[in-house]
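Trainee: I would like to learn how to read a fold from coordinates. Can we take one structure and go through it feature by feature?

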Amino acid sequence: MECSIDNTRGYNILIPTSKSVNLFFEEIITESNNNFFYGSLETSIINIDAVLIHWPEELFGWKKPNHEQIQYLENTIIYWKSEGLKLFYLVNNERPHASFHTKYKKLYNIILNKADVFIHMGKFSQQKYESNFPNSKHEIIFHPTYNKSYKIYNKDYARKLLGFCEEKLIVLVPGQIRSLKEEKNTIAAFTSLKQKNKLLIIPRMYYRRVHLEFKGRI
């Protein structure tokens with residue numbers, strides 16, 4: 001998706017990837033006076049004021065970049081800066097969830113060392129990165145609550161729809177459990193709760209892909 005540029009509405013900011021399926025940033029945009037549009041590393045920067053990076057690995061389709069792609073990204077950022085553009089980095093993750101191969105480390109290091117402004121979603125992240133990158137600017141924008149993206153139900157009505165009694169303690173894990181360690185920590189935290197009438201809901205529990213074919217595998 002590419003949005004048309006409106007020079008009368010704040011700054012023009014390029015996000016050099018396709019639109020994310022996660023609607024959290026769309027929630028943020030509704031509170032902004034700036035004009036955001038999606039593209040790629042090859043997108044023209046005419047009338048562009050800044051570039052915003054969400055996830056470095058997203059720049060190459062969530063795949064491990066090769067040497068040529070790493071070099072191309074570095075040269076592109078140098079070009080952007082020579083044209084007066086600022087590079088903003090929204091710190092969603094410290095590292096890729098699946099792997100931190102040497103190529104990913106190089107990719108992240110390029111963004112981290114070239115970013116003019118770091119956008120954080122909490123004070124812990126801000127304090128950590130401020131000490132590591134003191135020459136960059138650091139700001140906090142707390143994660144939105146999806147009030148505009150989804151219909152918000154009254155808690156009691158939602159319990160009734162789902163068949164949960166009022167006395168039951170519901171613990172919901174809205175994100176994805178991405179490792180066995182996260183799974184163990186989550187279950188341990190839930191188990192430590194003293195209340196007996198409780199329910200743990202994890203829509204995206206950890207699972208490990210097994211690429212083995214054998215009779216009865218399913």
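Trainee: Which residues form a nonpolar patch on the surface?

Mentor: First, a caution: this is a predicted model. The patch consists of Tyr 153, Tyr 157, Leu 161 and Leu 162. Take Leu 162, which sits in helix H5. Its relative accessible area is 57%, over the 50% cut-off, so Leu 162 counts as exposed.

Trainee: How much accessible surface does the protein chain have, and what share belongs to carbon and sulfur atoms?

Mentor: The total is about 14,700 Å². Carbon and sulfur atoms hold 53% of that surface. For the inside, look at the buried residues. They make up 33% of the 218 residues in the protein chain.

Trainee: Now the architecture. How many helices and strands does the protein chain have?

Mentor: There are 6 helices and 8 strands. Read from the N terminus, the elements run β-α-β-β-α-β-α-β-α-β-α-β-α-β.

Trainee: In what order do the strands of the open sheet lie?

Mentor: Sheet order has to be read from the pairing. Here 6 strands form an open sheet in the order E2-E1-E3-E4-E5-E6, with parallel pairing. E2 and E6 are the edge strands, each pairing on one side only. Neighbouring strands are turned against each other by 25 degrees on average, direction ignored.

Trainee: Over how many bridges do E1 and E2 pair?

Mentor: Strand E1, residues 12–15, and E2 pair over 4 bridges, in the parallel sense.

Trainee: Are the faces of E1 covered or open?

Mentor: Check the residues on each side of the strand. Both faces of E1 are covered. Asn 12 and Leu 14 are buried on one side, Ile 13 and Ile 15 on the other.

Trainee: Which strands does H4 touch where it packs on the sheet?

Mentor: H4 touches E5 and E6. Its direction makes about 175 degrees with that of E6. For a residue-level view, pick Gln 126, which lies in helix H4. Its relative accessibility is 17%, under the 20% cut-off, so Gln 126 is buried.

Trainee: Which residues is Gln 126 in contact with, leaving aside its neighbours within four places in sequence?

Mentor: The partners are His 120, His 138 and Ile 140. Residues 24 or more positions apart account for 65% of them.

Trainee: On to charges. How many salt bridges does a search of the whole structure find?

Mentor: The general idea comes first. Side chains of opposite charge can pair when their charged atoms come close. In this structure the search finds 6 salt bridges. Let us go through some of them.

Trainee: Which parts of the chain does the pair of Glu 31 and Lys 148 link?

Mentor: Start with the distance. The side chains of Glu 31 and Lys 148 meet at 3.0 Å, N to O. Glu 31 is in the loop between helix H1 (24–29) and strand E2 (35–38). Lys 148 is in the loop between strand E6 (137–140) and helix H5 (155–162). The two are 117 residues apart, so to speak distant parts of the chain. Both residues are exposed.

Trainee: How far apart are the closest N and O atoms of Asp 116 and Lys 81?

Mentor: They are 2.7 Å apart, and the pair is a salt bridge. Asp 116 lies in the loop between helix H3 (102–114) and strand E5 (117–120), Lys 81 in helix H2. The separation is 35 residues. Asp 116 is partly exposed at 23% relative accessibility. Lys 81 is partly exposed too, at 30%.

Trainee: And where do Lys 128 and Glu 94 lie?

Mentor: Their side chains meet in a salt bridge at 2.4 Å, N to O. Lys 128 lies in helix H4 and Glu 94 in the loop between strand E4 (86–90) and H3, so the pair ties together parts 34 residues apart in sequence. Lys 128 is partly exposed, with a relative accessible area of 33%. For Glu 94 the value is 44%, again partly exposed.

Conventions
Residues are numbered from 1 along each chain as its sequence is written. This is a predicted model: local features need pLDDT of at least 70, side-chain atom pairs count only at pLDDT 80 or more; totals for chains, interfaces and linings use all residues. Side-chain values use heavy atoms; hydrogens and water are left out. A salt bridge is a side-chain nitrogen of Lys or Arg within 4 Å of a carboxyl oxygen of Asp or Glu. Buried means under 20% relative accessible area, exposed over 50%, partly exposed in between (1.4 Å probe, protein chains only). Contact means heavy atoms within 4.5 Å. Accessible areas come from the Shrake-Rupley method with a 1.4 Å probe; for residues, only the protein chains shown count as cover. Patches are made of residues with over 30% relative accessible area and no salt bridge: like charges are joined within 9 Å, nonpolar side chains (Val, Leu, Ile, Met, Phe, Trp, Tyr) within 5 Å. Two strands pair if DSSP finds at least two bridges between them. Axes are lines fitted to C-alpha atoms, for helices over the stretch in contact, and angles run from 0 to 180 degrees between N-to-C directions.
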